[in-house]
Amino acid sequence: MIKEELFIEAKKTFAEKYGQPHTIASFAPGRVEIIGNHTDYNEGFVVSSAINYGIFFLLAPNGLDHSRVFCGRTQEHATFQMANLDLGLDGGGWAKYIYGSIVELLKGSDGVLPEIDAMILGDIPLGSGLSSSAALEVATAFAVAKLGNISKTNLEFAKIAQAAEHTYAGVMCGLLDQLSSIYGKENQLIMTDFRSIEVENLPLGDDASFIVCNTKVKHALVDGEYNERRESCEKAAEFFKEKLGDRISTLRDVTSAELEQYAGEMDPIAAKRAAHVIGECERVLAGKKYLDEGKIEKFGQLMYESHDSSINNFENSCPELDFVVEASKSIPGVMGARLSGGGFGGSAVLLVHPRNAQTIGKALANAYENEMGTDCEIYYVKAFSGATVL
Ligand code: ADP
Ligand code: MG
């Protein structure tokens with residue numbers, strides 16, 4: 001399943017720009033976090049979904065002494081040399097993700113790839129929490145690997161894309177975004193175990209889809225808050241290691257019964273942070289069971305519980321996100337809602353029946369504007385297939 005219209009536009013633009021058709025094309029989707037909040041760095045579980053917004057990467061060898069890349073969105077060009085990647089990149093922000101992915105992909109390989117003409121065209125809203133950057137990295141790595149006949153596992157591709165983001169965009173992201181872009185399947189969610197980095201698909205079916213509501217707010221001090229949360233989680237894990245021994249290495253190893261037993265002895269803040277992470281891990285496992293049984297409304301209920309825990313335990317929500325989740329409860333057809341991603345602003349995700357999605361989206365947008373006096377962005381999201389070479 002690909003986005004035919006966007007692909008046709010990309011092919012046409014490529015041919016016009018470079019005077020020849022492309023020879024290799026790839027597609028990679030964005031992603032949304034569905035449940036399992038702040039669990040990744042606690043070696044826990046996350047459920048995510050690849051989405052029906054993505055990016056195409058087209059290329060063809062050009063016979064020149066340098067490679068050229070064109071960005072359909074900004075109409076900008078960038079250049080570099082496959083033969084001399086260490087000479088760096090001549091180009092802007094978006095091109096760093098491409099150049100970085102190619103450098104990381106080719107690390108340790110001795111052959112030189114031909115110089116190429118390439119272009120990107122995507123429809124993922126940038127910076128809305130749908131991970132356009134990971135999609136760009138993954139699409140690049142897939143297409144250029146095809147060009148060089150380089151075979152990599154999915155996990156290797158995800159790590160290449162992540163390394164590009166770390167080194168060339170300066171964002172120290174985890175692996176969720178890249179894994180989700182690669183492992184997506186139509187009408188299926190993605191469950192990742194962040195200890196073993198094992199990934200499996202979970203059935204969602206075609207009678208459930210999502211609405212992403214981007215509040216566009218970003219509350220100050222997010223980095224400081226984020227660091228505090230990580231430290232509290234580590235502190236809590238240390239506490240349980242002392243109490244329960246070496247079978248505990250992170251909060252993933254602690255059960256909610258154990259937390260209940262010892263919470264009174266803990267630093268109250270650390271206990272609350274632990275309650276969120278432990279609860280989220282358990283909710284992911286419960287959610288997997290519900291999806292396997294086709295109990296989609298039960299799954300939605302877990303999303304509401306997840307958000308309550310963000311409010312009360314992890315304290316990573318904000319009034320705007322709380323409004324969206326609360327408002328969603330009185331809109332018919334919404335099965336669940338929660339904040340998605342780091343929190344302190346950004347997006348909420350709603351689980352809905354596809355037939356109601358447009359009505360729900362409009363009702364939510366109106367309610368948000370009436371209450372907040374500013375608008376939010378609404379995206380209609382389906383569980384989509386992952387990155388491919390076309
Ligand atoms: P997010 O990944 O949440 O969308 P980021 O700030 O991590 O936000 O990445 C956004 C950046 O990725 C953009 O500023 C741009 O440089 C690059 N990018 C992603 N998709 C595209 C695209 N289709 N066209 C141009 N640049 C893109
Ligand atoms: Mg990003």
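In which helix does aspartate 177 lie? Aspartate 177 lies in helix 5, where helices (H or I, at least four residues) and strands (E, at least two) are DSSP runs, numbered from the N terminus.

This is a predicted model, in which local features need pLDDT of at least 70 and side-chain atom pairs count only at pLDDT 80 or more, while totals for chains, interfaces and linings use all residues. Residues are numbered from 1 along each chain as its sequence is written, chains are lettered from A and ligands numbered from 1 in the order in which they are written, and side-chain values use heavy atoms, with hydrogens and water left out.

Aspartate 177 is buried, with a relative accessible area of 16%; buried means under 20% relative accessible area, exposed over 50%, and partly exposed in between (1.4 Å probe, protein chains only). Setting aside neighbours within four places in sequence, aspartate 177 is in contact with Arg31, Ser131 and Ala134, contact meaning heavy atoms within 4.5 Å.

Helix 5 (176-183) is also among the elements that cover the buried residues of helix 4, together with helix 2 and helix 3. Those buried residues are Phe157, Ala158, Ile160, Ala161, Gln162, Ala163, Ala164 and Glu165. After helix 4 comes glycine 170, with a positive phi near 70 degrees.

The shell around ligand 1 has 16 residues, of which Trp94, Gly127, Ser131, Ser132 and Ser133 come nearest; a residue is near a molecule if one of its heavy atoms lies within 4 Å of it. Helix 2 (93-106), strand 5 (116-122) and helix 3 (132-147) each supply at least two residues of this shell. By class, the shell holds seven nonpolar, seven polar and two charged residues, where Ala, Val, Leu, Ile, Met, Phe, Trp, Tyr, Cys and Pro count as nonpolar, Asp, Glu, Lys and Arg as charged, and the others, Gly among them, as polar.

| Residue | Protein atom | Distance to an oxygen atom of ligand 1 |
|---|---|---|
| Trp94 | backbone N or O | 3.4 Å |
| Gly127 | polar backbone atom | 2.8 Å |
| Ser133 | side-chain N or O | 3.0 Å |

Taken alone, ligand 1 exposes 560 Å², and the protein buries 77% of that; accessible areas come from the Shrake-Rupley method with a 1.4 Å probe.

Helix 8 (residues 268-292) has 25 residues, which at 1.5 Å a residue should span 36 Å, and its end C-alpha atoms are 36 Å apart, which agrees; the expected span is 1.5 Å times one less than the number of residues. Just after helix 8, glycine 294 takes a positive phi of about 75 degrees.

Glycine 300 lies in helix 9 (residues 296-314) and is buried, with a relative accessible area of 0%. Leaving aside neighbours within four places in sequence, glycine 300 is in contact with Met335, Gly336, Ala337 and Leu351. Glycine 300 and valine 352 are 52 residues apart in sequence, with their C-alpha atoms 8.7 Å apart in space.

Most residues other than glycine have a negative phi. Glutamine 75, in the loop between strand 3 (67-71) and strand 4 (76-80), has a positive phi near 60 degrees. Lysine 216, in strand 8 (residues 209-218), has a positive phi near 65 degrees and is partly exposed, with a relative accessible area of 42%.

Methods: A polar contact is a pair of N or O atoms within 3.5 Å; within protein, one must be able to donate a hydrogen and the other to accept it, and residues adjacent in sequence count only if both atoms are side-chain atoms.
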